Amino acid sequence: MIFADNVWFKYEESKDFVIRGISLKVNEGGVTILLGPNGSGKTTLLKILSLIIEPVKGSVTIDGLNYWELAKSRKAIDLRRKVVYVHEKPILIRGEVWENVAVGLRLRGYSRDEAERIAYETLELLGIRELRNKRRRELSAGEAQMVSIARALAIKPKYLILDEPTSNLDHEKKTTLSKVLRTLTKEEGIGVAIASHDYPFISAFTGEAIVMENGKAIISSNIGDALSKYSALISSG
Amino acid sequence: MVFMWGEVLEITSRSVMISLSATLLAASWSILASYALTRSKTASKYVMPVLQSLVGIPTVLIGLLLYTILSRSGPLGFLSLLYTPNAIILGESILITPLLITYIYGSLKASLDTYGELAYVLGGDKLGIASLVIRESTPQLFSSIIIAFSRAMGELGIALMVGGNIKGLTRVMTTAIALEVSKGEFELAIALGAILVLITISVAVIVNLIKKWWER
Amino acid sequence: MFLAILLLLLGLIYPIAYYVKSNNGEIRIVATTTTSLYVTGLLDKLAEEFKEEHPNVIIDFVPVGSGEALRRAANGDACMVFVHAPSLERVYVDRGVIVNGTIFAYNYFVIAGPSNDPAGIKGFSSAVEGFKRIYVAGERGQALFVSRGDLSGTHVREWILWRKAGLNPNGTKWYIEAGAGMGKTLLIANEKNAYVLTDISTFTKFKLEGRLPNLEILVAGGDELINIYSAYLVRSCDGIKAEVAKEILEFVGTDFQEIIKIFGSDEFGSPLFNPVSGNEKYLAMRWEELSNE
């Protein structure tokens with residue numbers, strides 16, 4: 001479980017906190033959704049959960065261990081490797097698609113052949129095997145997004161953090177992704193956190209959700225309930 | 001005195017080999033230095049401004065300082081580097097280092113934000129992150145190499161002071177041009193200058209092509 | 001990281017290749033000299049001729065200014081020096097930095113100036129008188145003078161002449177310090193229709209090329225304008241190199257004299273230098289006098 005306990009965050013140069021006292025869990029095999037308008041701090045919160053950003057107040061623990069206290073030790077890296085964050089805008093490296101998918105594997109010391117094999121498998125899983133030898137210039141925005149998700153899945157993380165994963169996906173890809181995520185949570189026990197505006201996509205999941213506004217969690221409930229409360233809020237205000 | 005084309009060829013290839021070597025050498029340590037600087041807030045706050053101002057340092061000053069060091073009466077005189085192309089290579093690589101670091105530092109900083117974060121989230125350790133960031137900054141590296149090479153090719157002060165403009169040994173394009181100017185052979189000097197510029201442009205074009213190929 | 005190492009290795013190919021190739025039994029003698037002497041081509045000819053007799057000896061001429069040539073020798077960065085500035089040479093001879101001085105050639109400086117000659121010095125036999133006239137004309141706003149201003153042999157001679165005339169043109173409005181080589185200085189003088197002290201070879205060359213339409217030779221010849229070229233062994237040079245350098249000095253003073261006699265006649269119509277034979281005593285005496293000025 002990833003547990004963010006009453007976390008606060010502000011940038012060094014600024015006086016204002018962008019995350020104000022939020023507590024959030026991502027359970028193994030569970031799904032946690034972040035809702036809210038742009039600028040409410042969803043990406044920042046996801047980055048805190050992914051151990052990219054250190055909270056100014058409060059703590060983040062993964063399976064009971066506090067990453068930021070472990071600092072530079074070997075245990076810290078192992079802990080970090082349990083979580084993967086996927087950017088809203090895909091960052092692809094130079095090379096073929098399979099090489100992109102293999103980045104995380106190569107960083108962990110897998111051989112080129114092993115990494116290639118696993119990359120192919122992951123692409124297959126997401127239904128985009130045919131892209132494997134294409135280069136980043138040749139991909140559409142949706143294809144690039146699927147590739148970056150495949151890259152995260154290839155290293156078989158324990159926790160998957162997705163930032164607006166469906167913003168460029170067509171219907172077919174969204175369906176595939178939805179199925180894959182639900183399978184992974186049920187069968188592999190992977191914990192997933194998603195920030196999204198895509199309500200139809202979200203409503204297919206069961207789990208927890210919070211609605212954020214100005215760095216605070218104004219609604220905190222299960223997904224279905226949070227969605228209806230949030231839409232009521234939007235239509236009334 | 002007749003200027004022979006064989007001699008022009010010799011001087012040209014010497015210039016290219018010297019400046020190319022200096023550029024490659026300076027690039028190798030500049031990449032590492034630049035990366036180290038991106039990781040250290042205090043170093044970059046104080047070091048970068050100093051380096052930026054050193055980009056334009058007069059070549060004759062570097063040449064003079066290096067001469068006093070390499071002179072037989074100087075601390076490194078025993079190396080017998082004076083009046084050799086290697087002395088010029090040394091001087092030019094020092095000359096272009098601030099330029100390279102300034103440029104590469106800028107591109108690494110940008111790459112660090114994207115590829116650095118990517119490598120981090122995918123579980124890279126320090127070395128892994130550094131490798132990915134540097135690898136993905138290769139296009140900018142190529143660009144910086146073009147600029148540095150051009151600067152090295154066009155410098156005069158270092159080649160003059162530590163090279164000695166010795167015919168057949170350390171005469172390079174810039175010192176040859178200076179010599180022709182002092183002889184009053186302005187037209188010849190301009191012709192040599194045109195060749196120098198042409199060569200530098202050619203190298204720039206080639207490296208750009210390589211860069212395009214890499215980025216594909 | 002491999003990238004950095006790769007670059008390092010690629011960058012080392014040429015320097016290492018050079019290093020390996022350079023240790024191959026040749027004897028290289030570094031000789032500093034003045035640019036004006038070097039660009040006449042006489043020294044390259046010397047290196048060529050000496051190589052005929054001694055194929056494994058390469059003379060590396062480093063053309064800089066007189067001051068720099070002697071300074072480098074003093075630092076031990078040359079085995080020989082070829083210069084023509086007796087007063088500067090004297091300092092280094094007295095310090096024991098350079099030895100075995102061998103006068104190997106001479107020619108004359110000339111005073112060149114605008115054809116209309118506002119100072120009225122044309123045909124004078126005394127350079128000092130000429131300078132006095134130029135000073136007067138300069139103060140009256142009728143003439144300009146351009147100086148090398150670079151401590152070269154020419155510049156040093158110019159200053160000896162001013163001193164002999166008892167005058168100091170420094171800071172006056174008509175005295176221009178070019179801080180440049182002879183060629184550039186002449187072009188500036190031509191531009192400004194000014195008087196200038198120059199060595200005969202550079203002037204002749206530029207004049208023949210049509211670059212100095214406004215200037216002509218006004219005062220030539222005479223003791224005060226003599227330009228004496230000497231070659232030295234640098235004392236800190238030792239071992240085999242010193243032996244070879246001594247042979248070069250010997251060669252310059254004997255066999256090479258024949259070549260000096262006719263050098264430049266094809267290009268300029270008359271030789272650029274005079275050999276020393278027959279005038280050794282006179283030249284040695286003049287050198288002494290000049291070196292003390």
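**Close-up 1. Strands β3 and β9 of chain A.** A:L35 stands opposite A:V211 of β9(A). Strand β3 (residues 31-35) and strand β9 (residues 208-213) of chain A run parallel and are joined by 4 bridges. Strands (E, at least two residues) and helices (H or I, at least four) are DSSP runs numbered from the N terminus. The model is predicted: local features need pLDDT of at least 70 and side-chain atom pairs pLDDT 80 or more, while totals for chains, interfaces and linings use all residues. Residues are numbered from 1 along each chain as its sequence is written, with chains lettered from A and ligands numbered from 1 in the order in which they are written.

**Close-up 2. The open sheet of chain A.** The order of its 6 strands is β6-β7-β8-β3-β9-β10, with mixed pairing; two strands pair if DSSP finds at least two bridges between them. The edges are β6 (83-86) and β10 (216-222), each with a single partner strand, so one side of each has no neighbour in the sheet.

**Close-up 3. Helix α10 of chain A.** Helix α10 (residues 223-236) lies across β3, β9 and β10 of chain A, at about 130 degrees to β10(A). Axes are lines fitted to C-alpha atoms, for helices over the stretch in contact, and angles run from 0 to 180 degrees between N-to-C directions. Residues are in contact if their C-beta atoms, placed from the backbone, lie within 7 Å.

**Close-up 4. The contact of chains B and C.** Chain B gives 29 residues and chain C 29 residues. On the side of chain B that touches chain C, α1(B) supplies the largest share, 8 residues.

Conventions
Two residues are in contact if their C-beta atoms, placed from the backbone, lie within 7 Å.
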